[in-house]
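Please read it with the sequence and the structure side by side.

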Amino acid sequence: MMNEPILSLSHIKKKYSSHLVLDDVSIDIGIGECVGLVGKSGCGKSTLMSVATRMIPCDGGSISFRGEDITHASRSAMMAYYANMQMIFQQPIDSFDPRRAIGDSIMEPMICRGVPRAESKARVIELLMRVGLPEDYAERYPHEVSGGECQRAAIARAIAMKPMLLFCDEITSALDATVQKEIIILMRELIHENHMASLFVTHDIALLPGIADCVAVMAKGRIVERGTTSDVIAHPKSDAAKELIDAADLW
Amino acid sequence: MNKAIDKTIIDVKNLSVYYGNCRVAHDISFTLREGETLAIVGESGSGKSTVLKAMMGLLDNGGRAEGSIKFHGDEVLNMTHDELKKIRGDKIAMIFQNAAASFCPIRKIGEQIAEGIKAHRNLDDSEIRSRADELMGILSLDESTWDAYPFRLSGGMGQRMGILSAMVLRPSVLLCDEPTSALDSVTQKAVASLLVRAKGIGTSLIVITHNMGLAHYIADNVLVMNKGEMVEIGSRDEIFGSPREQYTRRLIDAVPRLCKACA
């Protein structure tokens, strides 16, 4: 049985011009639960994540976070929610300010929320070490680290405020398979350690058994199947799930 | 050796590539025979793409290659710019990671492909279109794609048009640099199947990839690279069945596999 939901999306609709990209999408994420959202490119996964985080408005439906309706919350009201709702993106280097040292970028969410500078600095070192980076990486700039290292730094930034909910949008797609595996293992540990809920968006269903408790399969703007990860993979019902599973077995 | 029975198309011996004093590939040797597929695998920065660029005479920013690269017995490293231009596209074609980005965004894709064909062959528009239509059928592309602008295409369609552009001159060798990395898993498999089909019509392939699953799916032989060095080379079954090096094992172990996960 699912834990009490931390995030509920109900009957979400989103259009780009006349094109309906999210068509009546409903999904709940329970406290401490990792939900894998999987589908082909263009099926609406990233749009759903952008709507869920209120980075873009929806054209119908409602979003509630910890039982509070945030569908139309103002930008300033959302800032308070973002302390508990963090995101990690596909291109780690693009998600950092190229002119600032990585440590400063990791520290920013803490400073913005009133954590004293000395305490924030100490926490940055602690976070870097937790994600497997040496402490001197705090002084490096994004272009001075590899893609995998930069993604580790992005993870450190995302968990800095110990959020209750983490959105991960194709966070391993731009990485080598070896680095991809390390990042998945790290994420699994961090999610369990911090009892965080997460929405893990990917096009590669083979990644999900390593991290997700349950899976929602998207196709053409709709969720076409959901279930526990092992059930969906062992007994897929929808054509979309079958196609994704077939494609994952290149070898 | 008797050329009639020697099916070697590309013979690379002791290839090293330098940028200034920095050696980015060292002592690379391999052979590609007719109809064969070689996968060059390794992590980002291992020097895979550099080897490919050296083979096409496309090293940038003062890159310098030493050793030998023979194409049908002719030394590529001694070729002039004009000689290289003649074989590029015509006899050896390349497919890039993000093929759609290699098209000019403000011109229709068909016009650009036709331009490449005319640079090498004296074909009229109807012959060009007939060749393209045949390939578009094989590649499951709608004929209207010919007149589309690159930005109108999805990643998978763009990649397939890149493959069409590379295959339309019926080259004997296709060099593919991470041909599926920018695609979702479903489209990845579709593109991988198309490359297998290209192999079926006698094209030899060199596929650069960090995806060991793709290498297993497509390759006859596999060359493993790390930090510019050759780690090992062998048949697909040797490399995947009994890898000699720890690094190769690490690459193989990193592949997420559903069958393992469900076991």
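## Helices of chain A

Helix 1 of chain A has Lys45(A), Thr47(A), Leu48(A), Met49(A), Val51(A) and Ala52(A) as buried residues, where buried means that 20 or more other C-beta atoms, placed from the backbone, lie within 10 Å of the residue's own. Because six of the eight residues of this helix (residues 45-52) are buried, helix 1 of chain A is largely enclosed by the rest of the structure. The model is predicted, so local features need pLDDT of at least 70 and side-chain atom pairs count only at pLDDT 80 or more, while totals for chains, interfaces and linings use all residues. Residues are numbered from 1 along each chain as its sequence is written, and chains are lettered from A and ligands numbered from 1 in the order in which they are written. Helices are DSSP runs (H or I, at least four residues), numbered from the N terminus.

In helix 3 of chain A, the buried residues include Gly103(A), Met107(A) and Met110(A), and the buried residues of this helix pack against helix 4 (117-130) and helix 5 of chain A, with contact meaning C-beta atoms, placed from the backbone, within 7 Å. Helix 3 (residues 102-112) and helix 5 (residues 147-159) of chain A pack at an angle of about 25°, their axes 8 Å apart, the axes being lines fitted to C-alpha atoms over the stretch in contact and angles running from 0 to 180 degrees between N-to-C directions.

| Helix | Residue | Phi |
|---|---|---|
| Helix 1 of chain A | Arg54(A) | about 65° |
| Helix 3 of chain A | Gly114(A) | about 85° |

Terms used: Helix = DSSP H or I, 4+ residues; strand = E, 2+ residues; numbered from the N terminus. Buried ≥ 20, exposed ≤ 12 C-beta atoms within 10 Å, placed from the backbone. Contact = placed C-beta atoms within 7 Å.
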